[in-house]
Amino acid sequence: LQVIGETIMSVEHCPEKADFVNHCPETADFAVLRLRHLLDSEASSQNEMLSQLDMIQHMAQQEDIHLDDELLRTIKDYLVSQRYTKAQEQLAKLYRDLRPFDTFEMFRLLEETEEAVKQVNGQDIVLLFGLTGAGKSTTTHMICGSKMGLVVAENGVTHLAPVEVVHPALAKVKIGYKSKSETRFVTAIKISPREFDDLCDDPDFYLCDSPG
């Protein structure tokens, strides 16, 4: 399991992922990953992409998996019209249908959690926890100096969100406005009190945001 995990994480995080993707098992879910990789590659042709979409359907038939015909037509239309960002979004939906339990995502979250554990090992920490929507991530941004403001989401909802982030680690701290939590793993941000007050001699500590 550890070897599989390390391999999967290498696909997600290193530029040499093409070799792994091209040698994946011949299954429908991995065929989707190959098409997503083709979309990421500037060297891929439209014919290659459409051929790979046909391969997804072929593999699904072999595995006796029913795919959403409307979703497949939508993906094909986006490929033909070269709307590749939209095609990626629909392929993500297709992948979730084929693999409800996302092993790739599980190992990514494990990797992020392991990194946080290494950061706070032996350190003083302040852990924020509470229900989804309580304001843990918002509080984390405000304490760490992010400039906050009201932004309008795609569905027209106005909500508080960071408009200027000053701490690099805060890039991982997402603020949601729905009932579903945007925080998937513990994120540790190092706080140095001396940065706020030159006369302060309190030791550094880690502020930790957590999932709801």
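Analyst: What follows takes a few features in turn, with the general idea before the case. This is a predicted model, in which local features need pLDDT of at least 70 and side-chain atom pairs count only at pLDDT 80 or more, while totals for chains, interfaces and linings use all residues. Residues are numbered from 1 along each chain as its sequence is written, and side-chain values use heavy atoms, with hydrogens and water left out.

User: How do α5 and α6 pack, and at what angle?

Analyst: Helices here are DSSP runs (H or I, at least four residues), numbered from the N terminus. Axes are lines fitted to C-alpha atoms over the stretch in contact, and angles run from 0 to 180 degrees between N-to-C directions. Helix α5, residues 69-80, packs with helix α6, residues 84-98, at an angle of about 155°, their axes being 8 Å apart. This makes α5 roughly antiparallel to α6, a label for angles over 145 degrees. The crossing of α5 past α6 is left-handed, meaning that the near helix is turned anticlockwise from the far one by less than a right angle.

User: Which residues of α5 and α6 make the contact?

Analyst: Contact means heavy atoms within 4.5 Å. On the α5 side the residues include Leu 71, Leu 72, Ile 75 and Leu 79, and on the α6 side they include Ala 87, Gln 90, Leu 91 and Leu 94. By class, the residues of this contact of α5 with α6 are 9 nonpolar, 2 polar and 3 charged, where Ala, Val, Leu, Ile, Met, Phe, Trp, Tyr, Cys and Pro count as nonpolar, Asp, Glu, Lys and Arg as charged, and the others, Gly among them, as polar.

User: How is α3 placed against α6?

Analyst: Helix α3, residues 28-40, crosses α6 at roughly 165°, and the two axes come within 10 Å. It follows that α3 is roughly antiparallel to α6, and α3 passes α6 in a left-handed crossing. Among the residues in contact are Val 32, Leu 35 and Leu 39 of α3, together with Leu 91, Tyr 95 and Leu 98 of α6. The contact of α3 with α6 has 12 nonpolar, 1 polar and 3 charged residues.

User: Is Met 59 buried or exposed?

Analyst: Buried means under 20% relative accessible area, exposed over 50%, and partly exposed in between (1.4 Å probe, protein chains only). Met 59, in helix α4 (residues 46-62), has a relative accessible area of 6% and is therefore buried. Leaving out residues up to four places away in sequence, Met 59 touches Glu 26, Thr 27 and Ala 28.

User: How many disulfides does the structure hold?

Analyst: A disulfide is a covalent bond between the sulfur atoms of two cysteines. The structure holds 0 disulfides, judged by a pair of cysteine sulfur atoms within 2.5 Å. Cys 200 is buried at 18% relative accessibility, and Cys 208 is buried at 4%.

User: What is the phi of Asp 64, and where does Gln 82 lie?

Analyst: Most residues other than glycine have a negative phi. Asp 64 has a positive phi near 60° and lies in the loop between α4 and α5, where Asp 64 is exposed with a relative accessible area of 73%. Gln 82 lies in the loop between α5 and α6, with a positive phi of about 60° although it is not a glycine, and counts as exposed at 53% relative accessibility.

Definitions and conventions
Helix = DSSP H or I, 4+ residues; strand = E, 2+ residues; numbered from the N terminus. Parallel < 35°, antiparallel > 145°, perpendicular 65-115°, else oblique.
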